[in-house]
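Colleague: I would like to learn how to read a few local features of a protein model, one at a time. Could we look at the structure together and begin with a single residue?

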Amino acid sequence: MPVIDRTNADTLEQLLQHLPSWGDSQQRHTWLHRTLVEHAHWLAQVSGLEGSGHQAAQALVVAFGHDLPTDEQGLTPLCRLLRTMDEQNLVNRARLRPLLAAFACTQGLDPRPIWYGAPYPGMLAFQSSDRPIFFGREAETRALLERMASAGEPNSSDPEARCLLVIGPSGCGKSSLVRAGVWGALADGVEPLLEGRFAETRRWLIEAMLPTDPEPFAAFVNALDRAAGSGLRVREQADLLRKNADDPDSIARLFARLLARQPADARCLLIVDQMEELFTAACDASRDDFLRLLRAALACEPRLQIVATLRSDFYPALEAQPWLQRLLNRAGASYNVPRPGAEELAQMIRKPLSELCLVDADGQPRPIAIENALVRELLRDSADAQGNLALLAFALQARFQAALDGSGCMSLQGYRDAGGLAGILRDRADQALQRFRAEQGLAADAEQSLYCEVFSHLVAIRPEDGTPTRQRARLADFKTPQARALIQALSGEDARLLVCGPQRADGDTGEPDDRVEVTHEALFRAWPDLADWIEAYREALMRRDGVRREAERWAMERRDALLPRAELIADLHRQLSAKGLWEDLIKEPNPARFLARDHVDELWRLVLGEYEAGAADPPAAATAARELVRLLTNEDRSWTTMQALGARIAGAEPELVQWLRSGLELALARLGEPDALDWYGRRPALGDLLAVLGDRRAGVGVGADGLPDILWREVSGGEVSQFGRTRSLAGFRIACYPITNSQYQVFRDAEDDAEPAWWFENWGAPAPDDSDYTQPNRPRTNVCWLEALAYCRWLTSHLKAAGGLAQDEQITLPTEDQWLLAAAGSDGRRYPWGNDWETGIANCNEAEDAMPLALNLRQTTAVGLYPRGDSPAGLADCAGNVYEWCLNKYDDPDDTGIDTASPRGLRGGGWGSGRGGVAVSARNGGNPDNGAGVVGIRVCVARSP
């Protein structure tokens, strides 16, 4: 037996480790027994191979170094194992065949590679394992390898030279060229192509990634982890890189872990396939960071090379990126892939039949011929038109299978009878659908709805020219059994129009993440039913995809100016709902946030989704809750919706309620910051959300005793100058907030609210009006001065009875002098907060004074939501929100008598007042029996005379 030298030993070890059954010791044991059954005596010596796959491979290579017996066919155990690997197509044959020759295992062996099944991939791209059937692209493969070899020296002073852009039109075979050509050649050993230019590299770590599978950073780490077999926690590493996209230390640590067990001369090739997906909505938010990561990775790791494929119609997007633009401008950094000519196409058609040993399902050689006339017609039919390369491969696959099942010859007449290039695909689709209809028994309208459910996930529309492009979806995105059944029908062996299966391994669990996609975009043109559906849905799909892009931009910048107005959302809802696209769109996180309507079901779903996401990331949970509060309190939220949402929240688990309340508390704290203008328009809904969760702030609601819970502020005595005189006032207590709806309603609901003692004998109790805004924590409005005074008398009586008020004290309305001292102090300031106007710290009409931001809510808000506008004594809402009744007469401020119908003083301005109307010096008056939607009450405590 020939001696196993070090090179052959290394090759054999690597091939053994690539066997499908080698990683698991039990599977390895079973496979060896089945393969070497004719060598039972020798097999007993190696049946105990344990340990890792690497250790077991080494042990078996050592065993093969001794004299080995032969079986009845004259094959040693080593030859039997190598022949089995070859016959079953278990490993790369380009590396296996030299070993067969080296160990004299080729007797009776067809020198051609064995191939099981059709040697044409259909509309799927060639993979690295398809190199034996990849023909017609030798020149392009050699050109790419030469550029990689000349630019990819590890000691190169220019790391960006190790990035190569492969550009070409859709359907020209870019992915196949890079995967089966470049990857396949490097995996096989490229000496025949490049005469040893890469000979110093003993091992290549190669993997491909798609930018949206599931997103660039995870795809990057996952691809490198698969290539090196290093067992990284992909999500953890992806999050780290996302936060440190151009940090050399983070990237260096990652590659150190990846290459720790690799030979010093190993190299790593990362294929970024379909790089155009970086410029779609799915990657807008992370594109720039990911490109920075690629640049930094090249700079940090000299053994890394990157080859990226890109559709040429995305060239303008490429030029908009400075780094990629520099690559385009440098010699040798890009390669334009031409469509294959007639000679190359002929090789693609003929050579898979002549250069391979084709084997049928029973493992028997089955040569297949092709008529010259068919070759000529295929060349004519596949010339020029975009996507015809994929259709050609699909037609060849179909005609090969027909020949394998029949005469053994691919004939011109059979091709024509099948409908030609496009007809074969159309008939295949129609047959699959007919079987599906028969199995499911669907009505025509239900089938159309099902089309939408499936293909709306798989088709996107380019905004530049309206061209349909494919996109991937998770199998989990398809909720109904009928949708999954249709996917199964169109992805089965007899259709192969969709690809469905695990396309990446989850880095944490090792479980596959099933993805679904159209096999090739040629399907959009060649399948009439799908083409008609795309045309009918084109505008709606464009708007949907546009929303996705806008939502990504908003998610990055978080500027309210980017949020769509309620009218636009309503229009989108009408159009997308009519096409069945709305519900799926708002299940996506960013569009759900971006399009959050005044709709209780959608808002509740948003709450649940954000809560689940927050629970998965506890450190960020509180911030996530605050961001949810932002979404729930957009300007178009109605009180009716908020009440309904509150009912849903009340029935939720306590942890969710507490989580949401934590976000609300952060939002309320935000209102006190100088740059809180972005929360200005949210204040009405913010107070409403606070109300439905239960406003627990002191002084806003009702106490445990059923009486209004008044938060008193102590006002020290001082001098007040107004009305042309100066008066000295003693200290007193005054309510922090205007009386709220809930606090006034206690009086309205009391059995003794009409007690004559509360009312004037000459006036009586007027017919009460409801507040314009009924939220429990908003100021009570539409209360006339008579009602306000009656409320004070009623509250005095009940607080004294409850022990909350001294016998010599009474609740009353403040005089204008008291109100001014509480609202402004004694320093003569113009506003409660000082002399200068500050935008956005009072609920008033800034538009009236032509202010730059023209803020105007046109309604009340919950009390206390403008903390930066508080007075020196700690009173809230002294400027704006509602006017407040004062005890004294308007025409004679020193007269506080209650026996006349004279107008009474009003202070503070309301939500409709301008900048001058909310100055502390501004005053108004009203008849004591007239209430208004901008007038409320603030009470104080006075000593009884």
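Colleague: Is Asn782 buried or exposed?

Modeller: Asn782 is buried, because its relative accessible area is 11%, and the term buried stands for under 20% relative accessible area, exposed for over 50% and partly exposed for what lies in between, with a 1.4 Å probe and protein chains only. Before we go on, note that this is a predicted model, in which local features need pLDDT of at least 70 and side-chain atom pairs count only at pLDDT 80 or more, while totals for chains, interfaces and linings use all residues. Residues are numbered from 1 along each chain as its sequence is written, and side-chain values use heavy atoms, with hydrogens and water left out.

Colleague: Where is Asn782 found, and what is its phi near?

Modeller: Asn782 sits in the loop between helix H33 (741-749) and helix H34 (785-802), where helices (H or I, at least four residues) and strands (E, at least two) are DSSP runs numbered from the N terminus. Its phi is near 60 degrees, a positive value in a residue other than glycine. Arg858 also has a phi near 60 degrees, and its place is in the loop between helix H35 (816-824) and strand S20 (883-889); Arg858, however, counts as exposed, at 56% relative accessibility.

Colleague: How should I read a strand, and which residues of S2 point which way?

Modeller: In a regular strand the side chains alternate between the two faces of the sheet. In S2 (163-168), Cys163, Leu165 and Ile167 point one way and Leu164, Val166 and Gly168 the other way, and all are buried.

Colleague: Which strands pair with S2, and over how many bridges?

Modeller: Two strands are said to pair if DSSP finds at least two bridges between them. S2 runs parallel to S5, with six bridges joining them, and Gly168 has Arg311 as its bridge partner in S5. S2 also pairs in the parallel sense with strand S6 (residues 334-336), over three bridges, and there Tyr335 is the bridge partner of Val166.

Colleague: Which residues touch the most other members of the largest nonpolar core?

Modeller: A nonpolar core is a set of buried Ala, Val, Leu, Ile, Met, Phe, Trp, Tyr and Cys residues joined through side-chain atoms within 4.5 Å. Of the 145 residues in the largest one, Met410, Phe455, Leu497, Trp527 and Trp533 touch the most other members, and helix H18 (residues 388-405) contributes the largest share, ten residues. Apart from this core lies another, of 48 residues, among them Ala227, Leu270, Phe290 and Trp323.
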